[in-house]
Amino acid sequence: MENYYRSLGTYFKNENNVKNNVNIKLYNTSEIKIVLVGLNEPREELKPVYKILRVDYNGEDPKQKKIVEQLNRYLKENGLRDGYKDEKNFWGIFYLLKEIITSFQELNFNYFRGQSQQWEAIPRIFRRMENSNGELFYEKFEGLYKTISQEFPDDLTYHCLNQENIEKRCDQLSILQHYGFPTSLLDITENPYIAMLFMVSSDEMVIPKFEMYQIDRELHTEKGIVSFVHKVDKNKRISAQRGAFLNYDKLSKYTRFEKENIVLSSDYVAINKVVISLEFSKEETVKELENLLEEVPSSTEDPGSKELTNKNLENLIELIKNKEKEMVGSYYRYIQGQIMRKLNEYNYFSSDLYPDFHDYINYQAKEFNSTKEKGTIVPDIIEKLSSVLEGALGALSSNIR
């Protein structure tokens with residue numbers, strides 16, 4: 001299996017090519033899009049800031065479709081200004097996500113993943129990183145893994161990729177991933193609020209995604225790509241994040257590579273997945289605001305109002321038309337802060353995701369990094385790794401999708 005990563009990696013080159021998209025074969029995917037429109041400039045003193053216009057569903061499962069229909073029925077009945085379920089709370093997105101999660105948990109969706117942007121959910125090893133020589137990271141990975149294990153035998157053990165070693169290897173790759181090294185593992189968690197934390201903990205949130213997986217632990221471990229690693233002291237983060245992995249090394253048992261195609265054996269059991277995205281629509285925001293212009297009082301009629309006013313709406317229409325990117329970004333930042341504060345009320349904090357000493361101090365220190373010197377506090381193993389890998393890997397491209 002020496003060339004396994006090289007072979008598999010080629011099928012992630014063009015994610016728009018349906019035939020070659022690996023994830024289409026691995027999962028039975030349904031999509032839910034939460035369509036948002038702005039109602040005010042995204043400032044705390046102005047309410048309401050945004051509205052959940054509707055929830056779109058793209059899938060074939062009748063039970064999932066019924067859930068979305070019920071949500072849309074409530075949104076339609078709830079009127080123009082109200083937040084989801086409570087017109088005073090203005091926590092619409094959080095409560096809507098919470099209700100979707102609860103409904104899908106009743107359908108046995110039990111693992112979750114959150115990410116701040118609309119990237120395809122694939123392991124980092126396949127995200128088109130390359131060194132200064134144009135060599136792809138996944139083509140160099142095996143040699144790098146072996147080199148690290150030789151340099152740090154007390155911290156890491158090398159296991160070659162074969163079926164006998166697959167779970168032992170996963171344990172070791174999870175340690176590499178723990179230290180921020182890209183691997184063939186994709187993190188998931190059984191706690192939806194931890195997944196939501198990951199969705200909003202990034203510096204920038206643009207069309208974020210929240211994913212739900214229906215996993216049969218025994219079936220998808222034996223005949224799929226799910227792995228549950230041993231929770232050792234070296235990797236306390238696994239316990240803190242209540243995590244498991246989608247282990248793309250396991251595909252080596254089921255794949256056959258053909259020209260321009262990848263074939264999975266009939267033994268492989270696909271995972272049911274639902275992908276939720278949060279998307280602001282410029283066109284529908286402008287349409288909604290123009291409709292509201294006919295329904296709200298003018299600023300002269302209600303000069304002291306901090307709610308919707310004619311002047312506010314006219315100004316916002318111009319901003320959305322002329323500064324779409326900046327305005328959409330400001331709405332996402334607003335929602336990001338709202339969800340984070342609500343999670344904190346439920347006693348979920350980003351710092352809790354990083355229980356190790358070096359992780360914790362990194363997290364606490366990162367927002368105070370100098371704008372001129374972007375250094376971070378790292379353990380000795382990472383400082384040493386940088387010198388070990390420099391010659392073999394070179395500088396990784398920062399343009400990771």
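**View 1. Helix 3 and helix 4 cross with their axes within 11 Å.** In this predicted model, helix 3 (residues 62-77) and helix 4 (residues 92-105) cross at roughly 150°, where axes are lines fitted to C-alpha atoms, for helices over the stretch in contact, and angles run from 0 to 180 degrees between N-to-C directions. That makes helix 3 roughly antiparallel to helix 4, a term for angles over 145 degrees. Helices here are DSSP runs of H or I with at least four residues, and strands are runs of E with at least two, both numbered from the N terminus. Gln-64, Ile-67 and Leu-71 in helix 3 meet Leu-96, Glu-99, Ile-100, Ser-103 and Phe-104 in helix 4, contact meaning heavy atoms within 4.5 Å. The residues of this contact divide into five nonpolar, two polar and one charged, with Ala, Val, Leu, Ile, Met, Phe, Trp, Tyr, Cys and Pro counted as nonpolar, Asp, Glu, Lys and Arg as charged, and the others, Gly among them, as polar.

Residues are numbered from 1 along each chain as its sequence is written. Because the model is predicted, local features need pLDDT of at least 70 and side-chain atom pairs count only at pLDDT 80 or more, while totals for chains, interfaces and linings use all residues; side-chain values use heavy atoms, with hydrogens and water left out.

**View 2. Phe-104 is a buried residue of helix 4.** The relative accessible area of Phe-104 is 1%, and buried means under 20%, exposed over 50% and partly exposed in between, with a 1.4 Å probe and protein chains only. Not counting residues up to four places away in sequence, Phe-104 touches Ile-32, Gln-64, Ile-67, Phe-109, Met-212 and Val-274. The C-alpha atoms of Phe-104 and Ile-67 are separated by 8.4 Å, although these residues are 37 apart along the chain.

**View 3. The largest nonpolar core has 54 residues.** A nonpolar core is a set of buried Ala, Val, Leu, Ile, Met, Phe, Trp, Tyr and Cys residues joined through side-chain atoms within 4.5 Å. Ile-34, Ile-93, Met-196, Met-212 and Ile-339 touch the most other members, and helix 12 (residues 324-345) gives the most to this core, with nine residues. Leaving aside its neighbours within four places in sequence, Met-196 is in contact with Phe-94, Leu-97, Ile-101, Phe-210, Ile-339 and Leu-343. A second, separate core of 48 residues includes Phe-152, Ile-188, Phe-245 and Tyr-248.

**View 4. Helix 5 and helix 6 pack at an angle of about 85°.** The axes of helix 5 (residues 137-151) and helix 6 (residues 166-178) are 12 Å apart, and the angle makes helix 5 roughly perpendicular to helix 6, a term for angles of 65 to 115 degrees. Phe-141, Glu-142, Tyr-145 and Ile-148 of helix 5 make the contact with Arg-169, Gln-172, Leu-173 and Leu-176 of helix 6, and the residues of this contact divide into five nonpolar, one polar and two charged.

**View 5. Arg-128 and Ile-207 have positive phi values without being glycine.** Arg-128, with phi of about 60°, lies in the loop between strand 3 (111-115) and helix 5 and counts as partly exposed at 23% relative accessibility. Ile-207, with phi near 45°, is placed in the loop between helix 7 (192-200) and strand 5 (209-214), and Ile-207 is buried, with a relative accessible area of 18%.

How values were computed:
Angles under 35 degrees count as roughly parallel, over 145 as roughly antiparallel, 65 to 115 as roughly perpendicular and the rest as oblique.
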